[in-house]
Amino acid sequence: MLQADPALVAALGEPERVHTSLTRLGGRDLTEQVTAWSLDRAYDSDLPAPMRATNGSASAELRLTLTGTGEQTAAQLYSPYAPHATADIARPRQSVLHGWGLADDALPAFRGTVRDRVADSATGRVEVSALDGAERLRGAAKLPAAVSVNTVPIASGTWVVDNLLRDAGIHTAPPPRAECILYASMHGGIAPDIGFYRTHSGSIGYVRDRAPWEMAALPGSTTTSFTVRWDPRTRTTVPGRSLFCEFWTDTSYIGPDTGQVALSCFYQADGVTNSVEFGVDFKSSPQRATASSGGTIAAVLFFAPLPVGRWHIGCYWTFNGTQPTARIYMSGPDGYYEEFDPGALTAMPSTGTQLNYVSLTAGIPVEAVQVWIPQVSPTRTDFEGPTWQRGAVLDNLTSTLTAIPPTQGSAWEVISAVARAEQATASIDEHGVFRYRNNTRFTSPGAPVLTATSAREIAGLRVSEAIDSVRNVIDVPYSLYTIGSTQERFTETTRRTIAPFSTLTLTYDYDVTEYDSPPPIAYGTTTPSSTSRVRWSTASDGSAGIHGRVESTTERDGTTLRVTFRNTGASTVYMLTSTNTPSLSIYSVELANNGPSRRLLRRTDTTSVSRYGAQVYQVPASPWLQSSTAAFSVAGYLLAVAASPLPVLGDVEILPDPRIQLGDLVRITDTVGAALTTPAWVVGIRTSGDDTGRIRQVLTLRATLSPGPPTDQNLYPDPPIGPDARAVLAREGVHVP
């Protein structure tokens, strides 16, 4: 429920009401030109209407009727062919803000953009329809297509939603920086938002109460730390560009875990390997920060205990030729800030090398891990100061994913599908904030936020009951995803060259069902097996293999794989093997045994079946349910809300209250007609008003209390087969017992 000031709350209790409204388009107040408006907001659920639960997504639609000013009609001002000075006020994608209330206090009710406008020359009016922030999610869904290398999940429905939001510019944590080559939110999954999942070890859990911002990964119940490896989007070189590695963590509770977190960049040139790593140990005594290269460790000790709470930690890596230098940044609670060089480090391989993977090892909660390419040495303001606006709030996990299957459709469609699969809800509230909420609130309703009674607030109410409200046999299909082999997918057949300081971009087309390919690893003499690879030579016959000269950037957009190579040197390079043939080979991951394996889980409430007969509901199949545990949870939830009959509350018109929000729990009390009192979920709100100040509000509700099982006191129900049926059948010659 929206918060309101005391004056508005008092006005809601007055016998006489004076409503007010506010409408802005393009930042301009058009309230006086609005003669009628309507606002619809409801969950788009795939559950049968009589069930007391709801799921899916909700988007709001606002409709306005504009009449214009005293001098010009709305059609003259806002039609598509009107002068831009006024027409642009109502153009498609223009901002729209609407609110309404009482006592000259309008609470926010809608924030979105114009969808369409229709100008009527005969009446002079313009009809405008607008949709809320869900419009920002109408672009194509872009998700990594990855599968876990073991049975430990790599993502969740919450992670999928968060990833799609971030891609649309809606953030729950500090966003990726410019020139970001790896970003992993850790919001319910270890799969990266930018870059490619490679492997992981150790058990992993996720928390919100100890997260720096929204949700953080931490060691699970069976380990004290976990490790994740990712392939960066861009494989930089040494000699080459600088890197900045950073993450957020929280030290409010460490417990039995290691209390350490380290982020390393692993470089490889054939068999010659090296890594640059930095980290902080919050549990050692004294606490310390370290940087290392090639086994050489430089450390800074903190003899005064570091403050406890949220930390932002980073390291700026520069390479003078092949010599690395580290500068560690630490920003913590209570204004704590340190920036220092921990000491001299061992040089990288003298022949040059290339970034292979990034590795995180953590024994405390970690969030918003990223690696990016700075143009200059970051200042404190650069490190601490990037401004961002939170635009979403997530919820605790209710299921996990061992694979992120290839997806099609818009981001909003995928978010809606995930919400339906998890029996969760996704919506954008009156302030424009996206909210993803799991289903636990529907089984633990809590206290109603307000009460509507027939004595005052309720104008009309219908109550009905049907057997369709009972679902006591629940079938939940789910899929098991298991990784198979890595197969060669694309092989370059053309001899390629890159001139000095130039780039080469190659594209390949996937099938819509294929999983991502790892970025190619550069080699000189030893060919990497079962993975994407490329070899560069300074000789036109491929005889002289090199390292540390060519960066590569790998991206997937829908069904297109794009690989861009950048020659950082002053001489031409050739994409050739030592046998003078094209060297680029792209591999992709496949599922085992033509997976996924399709399964079905059934749960039954035998008590309900004995009372009402078997009432079956099959959950629609979805790729976002991937374990028997998730299916069991969904089935249990649906039984909890549907095994008992529940009267259906029809649309309820009440005295308008601008505080009511979608998903609120309200108490409905009717002492006049239907004789009921029950808490009910608000799953739809229809509000309308006009220029006379009259406002109507109709709620779509799902009751939460069942009248209980029937007792049939002093009733003797007739049997389903009449007592004379046996005689009738016998006369027909039918054998009867």
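The largest cavity has a volume of about 120 Å³, where a cavity is a set of points, on a 1 Å grid over the protein atoms alone, at which a 1.4 Å probe fits but cannot get out, and a volume is the space filled by probe spheres set on the points, with grid points joined across faces, edges and corners. The structure is a predicted model, in which local features need pLDDT of at least 70 and side-chain atom pairs count only at pLDDT 80 or more, whereas totals for chains, interfaces and linings use all residues. Residues are numbered from 1 along each chain as its sequence is written, and side-chain values use heavy atoms, with hydrogens and water left out.

The structure holds four cavities of 30 Å³ or more. Lining residues, defined as those with an atom within 4 Å of a point, number 14 for the largest cavity, and of these Arg-41, Trp-100, Ala-109, Glu-430 and Ile-660 lie nearest its centre. Two or more residues of this lining are given by each of strand E3 (34–44), strand E6 (105–120) and strand E48 (676–690), helices (H or I, at least four residues) and strands (E, at least two) being DSSP runs numbered from the N terminus. The largest share, three residues, comes from E6. By class, the lining of the largest cavity comprises nine nonpolar, two polar and three charged residues, with Ala, Val, Leu, Ile, Met, Phe, Trp, Tyr, Cys and Pro counted as nonpolar, Asp, Glu, Lys and Arg as charged, and the others, Gly among them, as polar.

The second largest cavity, with a volume of about 50 Å³, has a lining that includes Thr-398, Glu-422, Asn-439 and Ser-633. Helix H9 (residues 628–642) contributes the most to this lining, with three residues, and the lining as a whole has three nonpolar, four polar and one charged residues.

Salt bridges, defined by a side-chain nitrogen of Lys or Arg within 4 Å of a carboxyl oxygen of Asp or Glu, number 26. In one of them, Asp-193 pairs with Arg-166, the closest N and O atoms being 2.8 Å apart. Because Asp-193 lies in the loop between strand E9 (180–184) and strand E10 (196–201) and Arg-166 in helix H4 (residues 157–167), the pair ties together parts that are 27 residues apart in sequence. Both Asp-193 and Arg-166 are buried, that is, under 20% relative accessible area with a 1.4 Å probe and protein chains only, as against over 50% for exposed and in between for partly exposed. Arg-235 and Asp-231, joined by a salt bridge of 3.5 Å from N to O, are likewise buried.

Note on methods: On a 1 Å grid over the protein atoms alone, a cavity is a set of points where a 1.4 Å probe fits but cannot get out, and a pocket is an open set with protein on both sides within 12 Å along at least five of seven lines; lining residues have an atom within 4 Å of a point.
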